[in-house]
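Below are my notes on the model you sent.

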Amino acid sequence: MKKIAYTTEQEQLARFAKAMGHPTRIAILHFLAKRSECYFGDIHDELPIAKATVSQHLAELKDAGLIQGTIEPPKVRYCINRDNWEKAKDLFGSMFSDCCDKDTSGCCG
């Protein structure tokens with residue numbers, strides 16, 4: 001079987017998409033995007049789910065690079081990773097633009 005070679009951009013886009021693939025994570029991103037920073041407790045207070053579940057979602061977003069966290073004992077402060085946020089916007093924008101720039105009137109229509 002032939003191995004598919006993906007571009008760095010395709011792999012990064014897939015990682016961002018996976019991290020954003022849950023409604024709770026989208027809610028967390030919306031919450032953080034409206035602030036310069038906030039603490040874990042602020043996020044937990046906003047979402048009606050267990051602290052452990054919030055932590056798991058934050059870890060997924062952080063692993064993807066969409067958010068960043070700073071430990072300030074005994075608290076953790078979170079914010080949007082602005083560089084990767086811009087990269088995600090560019091990658092998603094390019095993909096949607098590339099997919100829709102073609103004349104697809106004869107495709108599935």
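Predicted model: local features only at pLDDT ≥ 70, side-chain atom pairs only at ≥ 80, totals over all residues.

1. Isoleucine 43 belongs to helix α3. Is this residue buried or exposed? Its relative accessibility is 1%, so isoleucine 43 counts as buried. Leaving out residues up to four places away in sequence, isoleucine 43 touches Ile28, Phe31, Leu32, Cys38, Val54, Leu58 and Tyr78. Phenylalanine 16 is 27 residues from isoleucine 43 in sequence, and their C-alpha atoms are 20 Å apart.

2. Helix α1 (residues 8-19) and helix α4 (residues 51-64) have axes that come within 9 Å and cross at roughly 165°. That angle makes α1 roughly antiparallel to α4, because angles over 145 degrees fall in that class. The crossing of the two helices is left-handed. On the α1 side the contact involves Gln12, Arg15, Phe16, Lys18 and Ala19, which meet Glu60, Leu61, Asp63 and Ala64 in α4. By class, the residues of this contact are 4 nonpolar, 1 polar and 4 charged.

3. Helix α2 (residues 23-33) also packs with α4, at an angle of about 75° and with the axes 10 Å apart. Thr24, Arg25, Ile28 and Leu29 in α2 meet His57, Leu58, Glu60 and Leu61 in α4. The contact of α2 with α4 divides into 4 nonpolar, 2 polar and 2 charged residues. Glu60 and Leu61 are listed for the contact with α1 and also for the contact with α2.

4. Threonine 24, in helix α2, deserves a separate entry. Its relative accessible area is 16%, so threonine 24 is buried; the cut-off for that class is under 20%. Not counting residues up to four places away in sequence, threonine 24 touches Leu47, Ile49 and His57.

5. The count of aromatic pairs comes to 1. The rings of phenylalanine 92 and phenylalanine 96 have centres 6.3 Å apart and planes at 25°, so the pair is stacked. The pairing limit is 6.5 Å between centres, and stacked requires planes under 30 degrees apart. Both residues are in helix α5 (residues 82-100), and because they are 4 residues apart there, about one helical turn separates them. Phenylalanine 92 is buried, its relative accessible area being 19%, against a cut-off of under 20%.

6. Which residues are joined by a cis peptide bond? The bond in question links proline 73 and proline 74, with omega about 5°. Most peptide bonds are trans. Proline 74 is placed in the loop between β2 (67-72) and β3 (75-80).

Key:
Residues numbered from 1 in each chain as written. Heavy atoms only, no water. Axes fitted to C-alpha atoms, helices over the stretch in contact; angles between N-to-C directions. Parallel < 35°, antiparallel > 145°, perpendicular 65-115°, else oblique. Left-handed = near helix turned anticlockwise from the far one by under 90°. Contact = heavy atoms within 4.5 Å. Nonpolar A, V, L, I, M, F, W, Y, C, P; charged D, E, K, R; others polar. Phe/Tyr/Trp six-rings, centres within 6.5 Å; stacked < 30°, edge-to-face > 60°. Buried < 20%, exposed > 50% of the residue type's maximum accessible area, 1.4 Å probe, protein only.
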